[in-house]
Every structure is written in structure tokens, then in C-alpha cells.
Amino acid sequence: MRVLLINPPRSPFNAIYDHAPGEAQKYIHRKLIGPPLGLMTIATCLRDCDIDFLEMKGEYDLNPDAPSAEKMTEEAVNRLHPDIVGISVITSEFNASIGILQKVRSLNPEILTVAGGLHATLCPQDFNLDCIDLIVSGHGVSSFQKIIDSYKNGRPPGKSLFGMFRHIGGIFIRTVDALQPTGIPEESFDIGGRNFIYPKRLWVEKWKDTYKAGGSPFPSTYIFTSLSCPYRCSFCSIWPQYRENYTQRNVESVIDELKSVPEYPIVRFSDANTLVDPVFANLLCSRIEEEGIKKTYIMDIRTDFAVKYPEIISRFARAGLKVVISGFESFREEELKKYNKSQDAVLIKKAVQIFHSHGIMVRGNYVIPPDYTEKDFEELAAFSHANRVSFAGYTILSPMPGTAFYSQVKQDIIDTDYRKYNFFNCVTKTILPLEKFYEMTATLWLIKKGTDVI
Ligand code: B12
């Protein structure tokens, strides 16, 4: 049994970048880096099968002129002869993922195709397509294990997919033209806790040198300390993805993982927010110190946490915290309320002071609502100037399918091309002419202290 796992390429659409003045372009992400943690986790837990990885983001970072995703797929399928192809899908990579699975289907209709990840979890109905056999919802680990077990001997002649897989909870099976749900997974799989799987990073060794942040010569890796988020920001996909179940990992398991990656001196914690519970935060810091783990850390931290617990920020700074990513979102209290951010804009200044006083670089991210006028842009620019941080991001408030915000503004969506759902393209009506809106958003990227990109 051979399983090929594919990380699809990024969407090439980035209208903010396209409208940016030359000097702003170098700060606007065309690419973000990091290994595909979800696929690595899935790969690590599979038993009795050969696994191959095709990390297309890594391939394009190694060689920007690499062949198209379809060509890469063709080459891999013809060389490896997989029985199953699995792909991890976020919204903006949906189209590319479907293109890849269509190619697989055209090359060999016997290959079982499986889609998983965030978009498959939130919008399974989008996958009711000929090239898809199974959709795995949620964590997927136990469901995927069972899929592999049930497919050990391939597809017996005359047996339907539904007949083969309907006993596996938590998936959707594509029958002739409909998706059949199989219900909730029958057992609880606590991936953040007792069932945590240490992702084997060997799967992505070939692409390791592309996982470098902010011009660092050293590779970085992702480690999560929690899954989901206890906050309920209306625009965010993370808490809906996890059906609101926030899980925090055991500190010792995080420490074990940190110790197991000596080849990665930089660790980017991939949590929605790494520091949420002060008890967990203090314990994690104490254990990092006790174990003498020397790494550079990048974390997402909310401004309210920093203001409430400045001593914890100070401790982490001593333990190696160098970069903090913080969702400022807006400088206006009423906008933050509208987003259900449960964080006050007035805290931005205080939090930035706390981070800077410990030599921590801040990446502050604002979201720009499509109804911003020139006056709104000017006011945001003035605020952002007065509260300058090392790196600032200005992306577009976007209705990601499956979020509360999507339901609120569905009627205003003017562009349904998923490739543009990556916060860098506007998909709802703007008040300003669209070109002007992009130019003004792009120009904001110049307001920051640092000269680097993170
Ligand atoms: C790490 C990360 C990345 C990494 C790596 C992703 C990769 N695959 O290469 C990088 C940096 C490349 C990345 C890029 C982007 N990201 Co990102 N990223 C994350 C982050 C921080 C963590 C994801 C993660 O590792 N989770 C932990 C793993 C274990 O979970 P998982 O991936 O969901 O996988 C589990 C299941 O879903 C399932 N599963 C997953 N795939 C598959 C496949 C199969 C076959 C099966 C069976 C199961 C399965 O099994 C896994 C184990 O349980 C999340 C935010 C968050 N905190 O969750 C955002 C997030 C996923 N990213 C997001 C976005 C939008 C992007 C970008 C498009 C833009 C941006 N501004 O960030 C860019 C991509 C384009 C570009 N220009 O580079 C959004 C997605 C929103 C959406 N609805 O699509 C998120 C949710 C952030 C947010 N707050 O909105 N990202």
C-alpha cells in the first residue's frame, strides 16, 4: 500500500502586492514559509504503508521555475504508483488542490483520492466533485488510519466506496453525484492531549532549507502548544475548524518536542495564541529554562495578555522569545467590538511598549474593512505611525467560508474565486474604487520600524 501526501502550492493572487509601490513590495508576503504540520502529523500515524510526500510549496521555493502542479503530480504518480493520494486544503488552495486531484483521476481512476484539512472540514459540500472519493473532516487522524486499513486490499470488484467506508465515522463518501456523511467519529481522538502525535520532520527534509524566516540562515519549524482558540473573532476560521473545542497540550509533551528538534534553532509556535493561560505559560517557560533549551521563539500573543502579564513576557524574552505576532486588527474600539475580538484598541500602545522594552520585535497585523474611505485610511495610518512596530501587516477583512463573518456579509460578496480568499484580495464591495483601495492598503505596509520581513 502506497500513500502519496500532497501539500498544494500557494495561490498566486495577491492584489495588495500587485498595487504596492516598489519599496512596499518587499514587505508584503508573496510567500509564507513553514512545513506542512497537518500532513506531517497524518503521515506519522499511518501504519503498514509506504508514504511519499510532495511538498509543492517547498518545491516552488527550491525552484521557482518548477513545472506546473499538474505536471509535478503526473511525474510523482507515474514514478510512485500510489494507491491513495491525500491532500491538505485551505480555502485559497482549493482550486489548485482540485486541479491536482483531477490530474490524479485522469492518470489512474483506481487511485483513491482523499481531501482533508481546514477547508474540507468547514466546507465539505465544495468537494462534491468527480475527482474526489473521500473527504476527511476535523483532525482526521483516526479516520485516515481506518481508511488505510480498509483499503489494504484495494477496491474489490463491484464493491462501492460507500460499502467500503461507511463504518468510518467523521468522513464524507462521494457516491455517484452526492456526498454521504458517515456521522461523527465514533471515538474521541484527543490530538492535543493523550493522542498527540509527534510529527516526524524527516518527511520534509528535502525542503528544510526553504523553511527560513526573516532572512535567517537557519531553518525554522512549527510546533503547536494548542489547537483551536478560546476567543471567537467573527472573521477567523480557526475556532470553527475545531468546532470550538480548545485543547492545550501538556507542557512536558511540548518540552519533549522542543528537545527533539536540535536541527531547528528557530521555533515558530503555530497556535492561534500561544500564551493564553498564565499557569501554562509560566510552567512552559520554567521548563524551557530548567532543560536549558536554547532556541529563538516566534509566538502569537494578544495585546491583552501582554498588558495583563508583563512579567510573563519578560520571562519568555529571557528564554528566547524574539518575535511576537499580534492581531491588532483595528485602532477603533467599535470595529473590534464588531469583530468580537474582545480586546481593546487602547491596549495596543501599552502592549507594544512592553514587548519593545524586552527587545522583542513585534509584527502587528491590522485588517482593513472594504468600506474604508480615504479618511479611514488616513486615521489608521496616523495611529499606526504613532504606534510603530518592527513589522506591520495590513490585510483585507475577508469572509472566509465557514466563518461567522462569512454568514454576515455573504450578500456583499462579489468575487467567489477561492484563489483570492487569502486576505490579500478584496472579494466584497468596496466604497473606494477598487484600485484606490488596494493602493492605499499597500502603501500602509511602509509604516513600520524594521527593514526586514517576517
Ligand atoms: C502553519 C500555517 C501555515 C504555514 C504552513 C501551511 C502548509 N500547509 O504549508 C504557512 C506559513 C505556509 C501558511 C501559509 C498561509 N496560510 Co496558514 N496557517 C498556519 C497555521 C498557523 C497553523 C496550521 C497548522 O499547522 N495547524 C496544526 C495542524 C496539525 O492542523 P491542520 O493543518 O489543520 O491538520 C490537521 C487536520 O486538518 C487534518 N488534515 C490536514 N490535512 C489533511 C489531509 C488529509 C488527507 C487528511 C486525511 C487530514 C488532513 O489532519 C491534521 C492533524 O489533525 C494556521 C492558523 C492556526 N493556528 O491554525 C494558519 C491558517 C491555516 N493559514 C491561513 C492562511 C489564509 C494562510 C495564507 C493563505 C495567507 C496568510 N496570510 O497566512 C498563507 C498561504 C499562502 C502564502 N502566501 O504563503 C488561514 C486559513 C484560512 C482559510 N479559511 O483558508 C489560517 C487558519 C490562519 C487564519 N487565522 O485564518 N500557513
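Helix α3 contributes the largest share of the shell around the ligand, 5 residues. The model is predicted, with local features requiring pLDDT of at least 70 and side-chain atom pairs counting only at pLDDT 80 or more, whereas totals for chains, interfaces and linings use all residues. Residues are numbered from 1 along each chain as its sequence is written, and side-chain values use heavy atoms, with hydrogens and water left out.

The ligand is surrounded by 45 residues, of which Leu32, Ser88, His139, Gln241 and Ser270 are the closest; a residue is included if one of its heavy atoms lies within 4 Å. By class, the shell comprises 23 nonpolar, 16 polar (Gly among them) and 6 charged (Asp, Glu, Lys and Arg) residues. Domain 1 (2–181) and domain 2 (212–444) each supply at least three residues to the shell, the bounds being taken from an automatic or database domain assignment.

Polar contacts are pairs of N or O atoms within 3.5 Å. A polar side-chain atom of asparagine 7 lies 3.1 Å from a ligand oxygen atom, and a backbone N or O atom of threonine 91 lies 3.0 Å from an oxygen atom of the ligand. A polar backbone atom of serine 270 is 2.9 Å from a nitrogen atom of the ligand. The elements giving two or more residues to the shell are α3 (37–45), β3 (84–88), β4 (112–116) and α10 (238–241), where helices (H or I, at least four residues) and strands (E, at least two) are DSSP runs numbered from the N terminus.

In helix α5, Ala69, Met72, Thr73, Ala76, Val77 and Leu80 are buried (under 20% relative accessible area, 1.4 Å probe, protein chains only). These residues lie on the same side of α5, because they cover an arc of only 125 degrees around the axis, taken from the directions from the helix axis to the C-beta atoms. On the other side of α5, Lys71 and Arg79 are exposed (over 50%).

Terms used
A polar contact is a pair of N or O atoms within 3.5 Å; within protein, one must be able to donate a hydrogen and the other to accept it, and residues adjacent in sequence count only if both atoms are side-chain atoms.
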